[in-house]
Amino acid sequence: MFIVMIIYYFISAYIAGMLIWNFVREKKDMQQMLLYLIVLVPLVLRIFHIR
């Protein structure tokens, strides 16, 4: 079970990193930036073990 949790957090961190990368690259469309942030919030909460 411990290994599965570690893999889960690595996957969450990877997806969060990709979302942050896309957020930084997006310069024109504010709606896209907002959508990236909305999707990013639950991933960051999972990574930091906040419920």
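Let me begin with the contacts: in helix 1, the residues Tyr 8, Tyr 9, Ser 12, Ala 13, Ile 15, Ala 16, Leu 19, Ile 20, Asn 22 and Phe 23 meet Met 33, Tyr 36, Leu 37, Val 39, Leu 40, Leu 43, Arg 46 and Ile 47 of helix 2, where contact means heavy atoms within 4.5 Å. Please keep in mind that this is a predicted model, in which local features need pLDDT of at least 70 and side-chain atom pairs count only at pLDDT 80 or more, while totals for chains, interfaces and linings use all residues. Residues are numbered from 1 along each chain as its sequence is written, and side-chain values use heavy atoms, with hydrogens and water left out.

The protein chain has two helices and zero strands; these are DSSP runs numbered from the N terminus, with helices being H or I of at least four residues and strands being E of at least two.

How do the axes of helix 1 and helix 2 cross? They come within 9 Å and cross at roughly 155 degrees, the axes being lines fitted to C-alpha atoms, for helices over the stretch in contact, with angles from 0 to 180 degrees between N-to-C directions. Helix 1 and helix 2 are therefore roughly antiparallel to each other, since angles over 145 degrees count as roughly antiparallel, under 35 as roughly parallel, 65 to 115 as roughly perpendicular and the rest as oblique.

Now to two residues of helix 1. Asn 22 lies in helix 1, which covers residues 2-25, and is partly exposed, with a relative accessible area of 23%; here buried means under 20% relative accessible area, exposed over 50%, and partly exposed in between, with a 1.4 Å probe and protein chains only. The C-alpha atom of Asn 22 is separated by 9.4 Å from that of Gln 32, ten residues apart along the chain.

Phe 23, also placed in helix 1, counts as partly exposed at 26% relative accessibility. Leaving aside residues up to four places away in sequence, Phe 23 touches Met 33, Tyr 36 and Leu 37. The C-alpha atoms of Phe 23 and Val 39, which are 16 residues apart along the chain, are separated by 11 Å.

Finally, the chain as a whole: its C-alpha atoms fill a box of roughly 45 × 20 × 10 Å, taken along the principal axes, and buried residues make up 14% of the 51 residues.
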